[in-house]
Amino acid sequence: MAGATQGEIAVVGAGPAGLAAAIGLAATGRATVLVTGPERAADHRTTALLGSSIPILERFGVWERLAPHTAPLRDMRIVDGTRRLIRAPEVTFKASEIGLEAFGYNIENDPLRRELAAAAEDTPGLTVVRASLTGLSVDDDRARLALDSGDTVEARLVVAADGRQSRVREACGIDMKKRDYPQVAVTATVRHTRPHWDISTEFHTETGPFTLVPLPGDRSSIVCVVDDKEAVRLLGLSPEALAREFERRAASILGAFEVETGRAAFPLVAETARALTAPRVALMAEAAHVMPPIGAQGLNLGLRDAAALVDLAGEHELEVGGAEMLKRYAANRDRDIHGRMAAVDVLNRSLLSDLVPVQGARGFGLYLLDRVGPLRRTVMRLGLGNRAA
Ligand SMILES: Cc1cc2nc3c(=O)[nH]c(=O)nc-3n(C[C@H](O)[C@H](O)[C@H](O)COP(=O)(O)OP(=O)(O)OC[C@H]3O[C@@H](n4cnc5c(N)ncnc54)[C@H](O)[C@@H]3O)c2cc1C
């Protein structure tokens with residue numbers, strides 16, 4: 001027989017963002033229901049959790065579970081790997097320069113999701129419902145979620161964390177503003193014969209960045225941004241040939257590579273929802289914004305959405321899911337989301353541009369960052385999601 005679950009808040013989607021939000025929201029004392037969606041296939045990507053995300057995960061009580069699976073990012077090095085007329089100097093950003101032990105911590109997506117899912121099961125006041133949303137209706141004081149199990153969930157606030165193809169967003173009639181880039185990110189994990197010393201290295205190339213991000217042990221994750229044709233070629237290589245190709249692109253700085261199973265490709269897009277809220281609904285993470293994987297901003301931005309919702313849910317005099325709460329959520333998140341989108345777009349376009357003045361401006365910008373300490377430190381804080389910077 002079909003059942004109805006009641007909660008104050010329903011979070012739809014058990015990706016990393018939805019799991020973290022559900023855990024944080026339940027901890028405010030609001031009865032929370034998490035609608036997980038379908039079982040997920042293995043995800044061999046990794047996520048660099050930058051500065052602003054660690055206090056959020058600590059506050060949600062999950063950082064201790066995640067930390068053993070992470071590798072610190074103590075230095076970030078940018079190398080101009082282009083063959084252009086004007087090339088930028090190599091720049092290294094050191095976390096110690098802004099008084100931090102690390103800029104952030106890199107974690108494989110599977111342990112990230114597994115640990116968050118285990119934490120969700122242990123969270124008091126959080127009901128986990130293993131089903132997918134099929135429909136949504138809203139009236140003045142609540143929303144009703146129809147599930148593929150035949151069950152329903154009722155809540156006063158629906159948090160859409162159901163990813164790029166969000167059913168909640170679609171049900172609310174909110175469109176995405178979309179920009180395609182002529183690039184694809186090819187991802188893989190490699191073992192290497194030399195240590196990475198907790199340094200992430202980004203080679204800027206004519207088609208986009210080639211990035212090596214440290215993992216625990218002598219392993220690193222690779223995000224290699226190339227054009228469509230090159231992506232197809234890379235995906236078709238044998239593991240040995242791909243390892244040699246990546247090693248060449250990395251100028252052998254980490255020695256010889258061995259590629260692990262699980263390479264994948266992600267066409268680069270930038271998408272933002274035309275509205276962050278609808279009556280009784282708040283969109284968050286990739287349901288609200290999809291970023292190109294440049295500068296490791298996507299999930300970090302999603303975790304800041306979660307923190308904003310948790311702050312508002314913690315104000316118990318505020319009607320949860322009411323117009324005032326939703327208005328404040330949208331106002332709080334708008335600038336951060338659009339600012340990050342614009343910054344990543346400018347960075348990506350400056351790499352792709354063949355215009356000499358643009359190359360010159362990028363080179364001069366990196367020269368200034370190399371030479372001018374206060375500017376470099378401000379940019380480091382901004383990259384970490386520190387709005388005060
Ligand atoms: C190559 C690459 C590298 C990246 N690297 C970084 C990085 O270093 N740092 C960083 O911060 N970000 C990074 N990102 C971005 C990051 O991966 C995403 O922001 C993040 O995975 C999005 O999480 P999410 O929870 O919003 O969405 P998802 O992980 O897509 O989760 C959505 C969930 O909703 C569920 N769902 C879907 N439909 C329904 C339904 N009808 N009912 C219920 N549930 C449903 C799905 O099953 C899924 O579990 C990277 C992205 C790419 C492509």
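1. In this note Ala, Val, Leu, Ile, Met, Phe, Trp, Tyr, Cys and Pro count as nonpolar, Asp, Glu, Lys and Arg as charged, and the others, Gly among them, as polar. By these classes, the shell around the ligand has 14 nonpolar, 12 polar and 5 charged residues. The model under discussion is predicted.

2. The ligand is surrounded by 31 residues, and the closest are Arg40, Ala48, Leu133, Leu299 and Asn300. Three elements each supply at least two residues of this shell: helix H1 (16-26), strand S4 (46-50) and helix H8 (298-313).

3. Arg40 has a polar side-chain atom 2.9 Å from an oxygen atom of the ligand. A polar backbone atom of Gly15 is 3.4 Å from an oxygen atom of the ligand. For Leu133, a backbone N or O atom lies 2.9 Å from a nitrogen atom of the ligand. The ligand exposes 1,000 Å² when taken alone, and the protein buries 89% of that.

4. Turning to charged pairs, the count of salt bridges comes to 29. One of them joins Arg45 and Asp43, with the closest N and O atoms 2.9 Å apart. Asp43 counts as buried because its relative accessibility is 10%, under the 20% cut-off. Arg45, in contrast, is partly exposed, with a relative accessible area of 30%.

5. Arg74 lies in the loop between strand S5 (71-73) and strand S6 (75-80), and Asp198 in the loop between strand S14 (176-192) and strand S15 (199-205), so the pair ties together parts that are 124 residues apart in sequence. Arg74 counts as partly exposed at 31% relative accessibility, whereas Asp198, at 18%, counts as buried.

6. Salt bridges also join into a network, which links Glu230, Arg233, Glu245, Arg248 and Arg249.

Technical notes:
Residues numbered from 1 in each chain as written. Predicted model: local features only at pLDDT ≥ 70, side-chain atom pairs only at ≥ 80, totals over all residues. Heavy atoms only, no water. Near = heavy atom within 4 Å. Polar contact = N/O pair within 3.5 Å; in protein donor to acceptor, adjacent residues only side chain to side chain. Areas by Shrake-Rupley, 256 points an atom, 1.4 Å probe, with all protein chains shown as cover. Helix = DSSP H or I, 4+ residues; strand = E, 2+ residues; numbered from the N terminus. Salt bridge = Lys/Arg side-chain N within 4 Å of Asp/Glu carboxyl O. Buried < 20%, exposed > 50% of the residue type's maximum accessible area, 1.4 Å probe, protein only.
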